[in-house]
Amino acid sequence: MKQITAIVKPFKLEEVREALAECGVTGLTVTEVKGFGRQKGHTELYRGAEYVVDFLPKVKIEVVVKTDDLERCVDAIVKAAQTGKIGDGKIFITAVERVVRIRTGELDESAI
């Protein structure tokens, strides 16, 4: 099993959720986050004063999938989240050793 952590632009969340649902993903976790990468933030104008916004709003999507489904899910996220502009985000993939569904006690792939 693998955990996919995707950091994407907030307005792409619904498209990514739909793409993952088409891949058979039944659950995911979404967190509103702030950060920056190569774009290093940007400047904005507020009441005539210019200021720097260092941390940009992003959405972190976390989902655990079977190893066989990994590439299909990653491709779906890339296709749904990509705008072709700087700041589209990143995807991190990590190994998951064990999953336990608290309600039933199911383990590993049956608990996903």
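Biologist: Let's start with the helix pair: is the crossing of α1 and α2 left-handed or right-handed?
Modeller: Helices here are DSSP runs of H or I with at least four residues, and strands are runs of E with at least two, numbered from the N terminus. A crossing is left-handed if the near helix is turned anticlockwise from the far one by less than a right angle, and right-handed if clockwise. By that rule, the crossing of α1 and α2 is right-handed.

Biologist: Good to know! What kind of model are we looking at?
Modeller: Residues are numbered from 1 along each chain as its sequence is written, and side-chain values use heavy atoms, with hydrogens and water left out. Local features need pLDDT of at least 70, side-chain atom pairs count only at pLDDT 80 or more, and totals for chains, interfaces and linings use all residues, this being a predicted model.

Biologist: Which pattern does the protein chain follow along the sequence?
Modeller: The secondary structure of the protein chain comes to two helices and six strands. Read along the sequence, these elements give the pattern β-α-β-β-β-β-α-β.

Biologist: Back to the helices: what is the direction of α1 relative to α2?
Modeller: Two packed helices are described by the angle between their axes and the distance between the axes. Axes are lines fitted to C-alpha atoms, for helices over the stretch in contact, and angles run from 0 to 180 degrees between N-to-C directions. The axes of α1 and α2 come within 8 Å and cross at roughly 150 degrees. Angles under 35 degrees count as roughly parallel, 65 to 115 as roughly perpendicular, over 145 as roughly antiparallel and the rest as oblique, so α1 is, relative to α2, roughly antiparallel.

Biologist: How many nonpolar residues are in the contact of α1 with α2?
Modeller: Contact means heavy atoms within 4.5 Å. From α1 come Glu15, Val16, Ala19 and Leu20, and they meet Cys73, Ala76, Ile77, Ala80 and Ala81 of α2. Ala, Val, Leu, Ile, Met, Phe, Trp, Tyr, Cys and Pro count as nonpolar, Asp, Glu, Lys and Arg as charged, and the others, Gly among them, as polar. By class, the contact has one charged residue, no polar residues and, as for nonpolar ones, eight.

Biologist: Now the sheet: which strands stand at its edges?
Modeller: Strands pair if DSSP finds at least two bridges between them. The order in this open sheet of four strands is β2-β5-β1-β6, with antiparallel pairing. One side of each edge strand is left without a neighbour in the sheet because each has a single partner, and these strands are β2 (29–35) and β6 (89–95). Neighbouring strands are turned by 20 degrees against each other on average, direction ignored, and the strands at the edges are β2 and β6.

Biologist: Which residue of β6 is the bridge partner of Thr5?
Modeller: Thr5 sits in strand β1, which covers residues 2–8 and pairs with β6 in the antiparallel sense over seven bridges. Thr5 touches Lys60, Ile61, Glu62, Lys90, Ile91 and Phe92, leaving aside residues up to four places away in sequence. Ala6 has Ile91 as its bridge partner in β6, while the β6 partner of Thr5 is Phe92.

Biologist: And on the β5 side, which residue stands opposite Val33?
Modeller: β5 is joined to β2 by seven bridges, and the two run antiparallel. β5 also pairs with β1 in the antiparallel sense over seven bridges, where the partner of Lys2 is Val65. Opposite Val33, β5 places Lys58.

Biologist: Which strands does α2 touch?
Modeller: Helix α1 (residues 13–22) lies across β2 and β5 (56–65), at about 10 degrees to β5. Helix α2 (residues 70–81) packs on the sheet with its direction at about 5 degrees to that of β1, and the strands it touches are β1, β5 and β6.

Biologist: Is Gly35 buried or exposed?
Modeller: Gly35 belongs to strand β2 and touches Asp54, Phe55 and Leu56, not counting residues up to four places away in sequence. Buried means under 20% relative accessible area, exposed over 50% and partly exposed in between, with a 1.4 Å probe and protein chains only. With a relative accessible area of 18%, Gly35 is therefore buried.

Biologist: Last one: what is the phi of Asp108?
Modeller: Asp108 lies in the segment after β6 and counts as partly exposed at 30% relative accessibility. Although Asp108 is not a glycine, its phi is positive, at about 50 degrees.
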